[in-house]
Amino acid sequence: MSIQDIVNNLVSLQTIDLSMDELNKLLENCLDEINLQEMASKTRLQQLQDTRKNLEDLNKKRKTLEIEVGALDTKISKYQNQLYDVKSNKEYDALKLEIASGKDEKAKLEENLLTLLFQEDDLKSAIQHMTVEVESLKKENLKKQDEIKKKMSDLEKNLDEKKTDRTKIIQLLPTNYSDEYENMKKSGKKIVIAPILENNMCGGCFISVPPQMVIEIQADDKLCRCSCGRYLYWKR
Ligand SMILES: [Zn+2]
């Protein structure tokens with residue numbers, strides 16, 4: 001295989017790898033998007049459940065209050081009945097006082113009851129609103145997820161094709177070059193074969209390439225490497 005062919009194959013391999021990186025990034029973004037959606041749905045559902053629980057608590061509180069009001073009613077009417085049987089003014093006044101304070105207490109409880117009822121109404125309409133919202137969010141998410149999954153399967157198909165192309169090039173290249181390419185990639189270099197840029201700079205590390213080396217590279221005499229380790233090529 002000529003130096004020119006080796007360079008061309010290494011450049012193609014790198015182009016494939018860079019687009020595979022891009023595809024993998026897009027796949028990750030899709031997964032992130034799905035996760036974000038699920039989290040948003042869960043949060044909304046949790047809020048709905050919390051509001052339902054609040055409503056239940058209010059309901060219990062109200063029932064307790066209603067029982068207390070009922071007990072006060074019984075007490076007040078008992079005292080009112082006793083008024084007919086009293087023997088002294090003192091006893092009468094005492095009962096009257098008890099009845100008045102019972103009525104005061106009842107009025108306060110009834111005021112609290114009313115506040116609770118209003119709060120319950122607010123929660124009920126909030127729950128109604130949230131239920132509709134959760135349902136439509138669920139539908140919307142399912143639709144979006146279908147779209148994302150379709151996009152993901154396209155990306156995966158594209159990745160598979162690139163993998164096949166990659167294997168073909170690796171098999172074509174002399175082993176020492178393909179091995180060296182893989183080693184440099186493993187060491188974290190995204191650019192393994194760098195073009196010589198303007199002012200004879202290495203396109204990987206941006207250090208100047210010696211003029212003699214540039215001449216050799218332009219002549220396709222041999223595959224040269226920059227001091228950063230990357231292969232160098234002349235972009236035609
Ligand atoms: Zn370099």
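I began with burial: of the 236 residues of the chain, 10% count as buried. I keep in mind that this is a predicted model.

Next I checked the overall dimensions. The chain has a radius of gyration of 41 Å, whereas a compact globule of 236 residues would have one near 18 Å. Along the principal axes, I found that the C-alpha atoms fill a box of roughly 130 × 35 × 25 Å.

Then I looked up the contacts. Counting those between residues at least 6 apart in sequence, I see that 68% join residues at least 24 apart.

For secondary structure, I noted four helices and two strands in the chain. Their pattern along the sequence reads α-α-α-β-α-β.

Helix 3 covers residues 175-186, twelve in number, and I read 16 Å from its first C-alpha to its last, close to the 16 Å expected at 1.5 Å a residue.

Which residues of helix 3 are buried? I found Tyr177, Tyr181 and Met184. Looking down the axis of helix 3, I see its buried residues fall within an arc of 70 degrees, so they line one face of the helix. Helix 1 (3-82) is included in what covers these buried residues.

I turned to the other side of helix 3, where Thr175, Asn176, Asp179, Asn183 and Lys186 are exposed.

My last stop was just after helix 3, where glycine 188 takes a positive phi of about 105 degrees.

Terms used:
Residues are numbered from 1 along each chain as its sequence is written. This is a predicted model: local features need pLDDT of at least 70, side-chain atom pairs count only at pLDDT 80 or more; totals for chains, interfaces and linings use all residues. The expected span of a helix is 1.5 Å times one less than its number of residues. A residue is buried if 20 or more other C-beta atoms lie within 10 Å of its own, exposed if 12 or fewer, and partly exposed in between; C-beta atoms are placed from the backbone. The arc is that of the directions from the helix axis to the C-beta atoms. Two residues are in contact if their C-beta atoms, placed from the backbone, lie within 7 Å. The radius of gyration is taken over C-alpha atoms; the globule rule is 2.2 Å times the number of residues to the power 0.38.
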